[in-house]
Amino acid sequence: MSDTGKNDMTEAPNPFMPSPDDMQHWGSVIGRAQQMMLEYALGQANDGNTSAAALFDPAKWLDNPATQMWTQQSSKMWEQGVAFWTSLASIGQPIAPDAPPEAAKDRRFTDPDWTANPVFAMIRQTYGLLADQMLATTRQLEGPDAAARAKMEFAAKAMADAMAPTNLALTNPEVIKRAVETRGESLLKGLRHMLNDLSRGQLSHVDPDAFEVGVNIATTPGKVIHETDLYQLIHYTPTTKEVLGVPLLIFPPWINRFYILDLNPAKSFVAWAVEQGLSVFVVSWKSADASMKDVVWDDYIAAQVDAIDTVRAVLDVPAVHTIGYCVAGTTLAATLAMLSARGEADKVKSVTFFTAQVDFEHAGDLKMFVDDSYLALLEQLSAPGFLDGRYMAATFNSLRGRDLIWNYVVSNYLLGNDYPPFDLLYWNGDTTNLPAKWHRQYLVDLYRDNRMVIPNSLSVLGTPIDLRKITTPAYIQAGREDHIAPLASVWRLMDHLSGPKTFLLAGSGHIAGVVNPPAAGKYQYWTGDSKSATLDDFVANASETKGSWWPHWIEWISVQDSAKTPVKGARIPGKGAKKAIEDAPGRYVKQR
């Protein structure tokens, strides 16, 4: 027989089956996995760990009645799906391996075997059929009001994402092939990742040890010049000989660390603003602990006023430019309304809102987390007087569960991939605790009852507020794909403020839509007639510009007041009446 004939008879190795020669190695992998799980269990027992890690413990999930119901329903649906495909086969109908157009765009099913292999093609198509059936059934139910229907549809989508065959090792061809190729080492590495996350009580998107705040992230030079029990005030070192006379004071959201605006020199809005000749100050909020159990919204507004007055006093200037990002922008609007009511609006020269909301009618999926059952759960979780930031992180991740949860379950746990050294993902996992009383107040008064847009319905520091009294020039930035502060919701600022307003629509979402440095050359933004009656009118006539919107903003700032002053004395951090307490980024941003 010829060599060609011999080669034809040689069977190619099955990528889905371990080689008999590798069985000893697989035995070693199983033994090491058992040892790792035993060490984890002993460690948890010794630590008496009953914290947030319990939420990530599969044993606890199985005790949940909702989980049990989901398990029963999903099993029934898979049985129905298998019966469906079996019936097609029995009457001679082909089970086509070709992916439908919508599946071809689904990044979860990019492995060729989802199409080429009949078994996985059937699994994929069965899942698609059942997921579509689940969503269609939810949408066709009669009786629920709009809010209840939205909750049901959100839950159905979340369930559909959770039951995807890509999330299980035995129904994901890429995972099986990787395990066979690595002789089980990929599964062992993934198990190590999972146990580490269980110990932390948080899903990791990036190696927690890849970055250190103040070393290779949040490194723009500056000094902490002022400190209270709620925040530290950072003054950044100028890099120009002259600066604009009116300084810039940035209020980041306290539900995240401030350094989203100072990730690294290439991405830092703070460093860029300094380079443009601005005296830049940033508030770094303290992560809540039990001592902050009585902190409420008024305290954050008082802190904003204190920061404004501190900067004015240090530099001996009558007013400051301000930026409020997300929830800090909401609070900044309340601060401005209060200052206007008290006749002190001239303390603020301009206000810029980064993806901020004041009218919560169209606040998106987050509104589903304000019903009585969720508020009761929050009360239980916040027993120490503060809400562990990991719960809030899990809530935000659930809004994009497919991308921010299951994508990493597959990559980190099933495939055993190395974590990417991505600073944005590190920041996303660097959670901040929230004062319990304030958090509930915010959800009830704003998200649920939408009281901020009702004139004089809310009072802050004893002063009733009316957003219509705000005449401060405002720059309002929104993200086209923002799922946390939806575009339609941010637009409502245009309806409630009375001063001159400039609206800008940025490409991308809540983070990338804001953190988009000019040097990156990414995305785009739209400008148009800010006197448009509706968002649709604005979008219909807006002009698109490629790249970052930051240059557009700095031009707007310069128009407000272009006067400059030399960099000397108090314009240098720590050289004025407020001496340096410590180097930026300070202690508060590092506290857990």
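**Close-up views of a predicted model**

View 1. Tyr-300 and Trp-438 are both buried (under 20% relative accessible area, with a 1.4 Å probe and protein chains only). The model is predicted, so that local features need pLDDT of at least 70 and side-chain atom pairs count only at pLDDT 80 or more, while totals for chains, interfaces and linings use all residues. Residues are numbered from 1 along each chain as its sequence is written, and side-chain values use heavy atoms, without hydrogens or water. Among the 31 aromatic pairs found in the whole structure (Phe, Tyr or six-membered Trp rings with centres within 6.5 Å; stacked under 30 degrees, edge-to-face over 60, the rest tilted), Tyr-300 and Trp-438 form a tilted one, at 5.6 Å centre to centre and 50 degrees between the planes.

**View 2. A cluster of aromatic rings.** Ring pairs connect Phe-269, Trp-272, Tyr-325, Phe-354, Tyr-475, Trp-549, Trp-550, Trp-553 and Trp-556.

**View 3. Lys-286 over the face of Tyr-588.** Lys-286 lies at 5.9 Å from the ring centre of Tyr-588, where the criterion for Lys is NZ within 6 Å of the ring centre and within 35 degrees of the ring normal.

How values were computed. Buried < 20%, exposed > 50% of the residue type's maximum accessible area, 1.4 Å probe, protein only.
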